[in-house]
Amino acid sequence: MEREGYLVFSLLVFVGALSLHMSRTEAAIGLPPDAKFLRRQYYKKLNTCENAEAFVKHQVQVYWSKDRSITAKLVKLLYADCMVNGCDASILLDGPNTEKTAPQNAGLGAFMIIDKIKTVLEDRCPGIVSCSDILNLAARDALHLAGAPSYPVLLGRRDGFESKAAWVDLPSPSISWEAGLAYFQSKGLDVQDFATLLGAHTMGRTHCNYIRDRLYNFNNTGKPDPTMDTSLLDKLRQQCPQKMTKIQEQNQTVYLTPKYGPNYRFTSAYFNNVLLHQSVLGVDQQLLFNYDTNQLTLEYAGSNEQFRKGFSLSISRMGSLKVFTGNKGEIRQNCHFTNKNNPHIK
């Protein structure tokens, strides 16, 4: 049954990849090598925590019913974890100079959801389910509630022992497509993953300080970004006026897809905005200026279902980067501390 389950997932991934534009000769068709020891329904098949996925799903539903923004927060948290040092839950560790203290990670949320899920699972299955698996499952379940497919998450990750702010190399949202793609490739992902995962911005918000250059001084010209639709420019300037204190810039937020943002729905609206030059972030608008990302943008804008399939593949690939399995890492009792440094363990 385990082999059958894995083959079903592999087929899903393969079909999703083949359905994308055939001119891209090196599109991703599988998971990273580190994922080879991950399995579907890992805890159920080992009879260690049969209802682990159900427990996670229930808690996410409870939080999502009160605050739909948790979808964007959980996806951003997963991205901040996996894209820095692999999916080892290092973003969750507390302490001086840990990843969560890095400037790029200011404003991360959803930690309390992971804490609640971990508490529930430790009560029912102590020492079994890793914080890294919890984060991957919670992001999947929140995405599904927002309209994404309930893609299968392979499990069996273990948690890392270290977290350093110096590791955090998350790029600026104003970078070029060349720099953005190079960053994704440096992590083991490709152009398909780059364009597809940016589509998660359809549910997000950003702070005024991240778009100030596009609104008032693009590339030090003293003028706005000429690629931005003028109607969007006017609206954003009202929300982010030129004279703002640094604190105001950091606190004031705008939706990345203003028309649909407040609903936090997972749709392909983001890609339509790119085509209309109505992207809020510079890196999003840059998708138009590379042939492969341009073609993906056209494809996803024309078919929400294609975007759903592509996203299932790409987020599964990201969620499998540099995972710890087997005897590597540990299963933390508290996601904020390694077991050795956990002040709550006597």
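**Surface, interior spaces and charged contacts of the predicted model**

Leu 275, Leu 276 and Leu 298 together form a nonpolar surface patch of about 250 Å². Patches consist of residues with over 30% relative accessible area and no salt bridge, where like charges are joined within 9 Å and nonpolar side chains (Val, Leu, Ile, Met, Phe, Trp, Tyr) within 5 Å. Accessible areas come from the Shrake-Rupley method with a 1.4 Å probe, and for residues only the protein chains shown count as cover. The structure is a predicted model, in which local features need pLDDT of at least 70 and side-chain atom pairs count only at pLDDT 80 or more, while totals for chains, interfaces and linings use all residues. Residues are numbered from 1 along each chain as its sequence is written, and side-chain values use heavy atoms, with hydrogens and water left out.

Helices (H or I, at least four residues) and strands (E, at least two) are DSSP runs, numbered from the N terminus. Leu 298 has a relative accessible area of 42% and is therefore partly exposed; buried means under 20% relative accessible area, exposed over 50%, and partly exposed in between (1.4 Å probe, protein chains only).

A cavity is a set of points where a 1.4 Å probe fits but cannot get out, whereas a pocket is an open set with protein on both sides within 12 Å along at least five of seven lines; lining residues have an atom within 4 Å of a point. Grid points are joined across faces, edges and corners, and a volume is the space filled by probe spheres set on the points.

The largest pocket has a volume of about 1,000 Å³. Its lining comprises 40 residues, of which Lys 76, Tyr 79, His 201, Arg 205 and Leu 256 lie nearest the centre. Helix H4 (70–85), helix H7 (177–186), helix H8 (191–198), strand S1 (205–207) and helix H15 (304–318) each contribute at least two lining residues, and H4 provides the largest share, six residues. By residue class, the lining of this pocket contains 25 nonpolar, 12 polar and three charged residues. In this division Ala, Val, Leu, Ile, Met, Phe, Trp, Tyr, Cys and Pro count as nonpolar, Asp, Glu, Lys and Arg as charged, and the others, Gly among them, as polar.

One cavity of 30 Å³ or more is present in the structure. The largest cavity holds about 90 Å³ of space and is lined by 13 residues, with Asn 136, Tyr 151, Val 153, Arg 157 and Ser 316 nearest its centre. Eight residues of the cavity lining are nonpolar, four are polar and one is charged.

Side chains of opposite charge can pair when their charged atoms come close. A salt bridge is a side-chain nitrogen of Lys or Arg within 4 Å of a carboxyl oxygen of Asp or Glu, and the count by this rule is 12. One of these joins Arg 140 to Glu 53 at 3.2 Å, N to O. This pair connects distant parts of the chain, since Arg 140 is in helix H6 (residues 131–146) and Glu 53 in helix H3 (residues 52–66), 87 residues apart. Arg 140 is buried at 6% relative accessibility, whereas Glu 53 is partly exposed at 25%. Glu 53, Arg 140 and Asp 141 are linked in a network of salt bridges.

Another salt bridge, of 2.9 Å from N to O, is formed by Asp 193 and Arg 317. Asp 193 lies in helix H8 and Arg 317 in helix H15, so this pair ties together parts that are 124 residues apart in sequence. Both Asp 193 and Arg 317 are buried.

Backbone geometry was also considered. Most residues other than glycine have a negative phi, and most peptide bonds are trans. Ala 110, although not a glycine, has a positive phi of about 75°. Ala 110 is located in the loop between H4 and helix H5 (111–124) and is buried, with a relative accessible area of 9%. Asn 219 likewise is not a glycine and has a positive phi of about 50°. Asn 219 occurs in the loop between helix H9 (212–216) and helix H10 (230–239), and its relative accessible area of 59% makes Asn 219 exposed.
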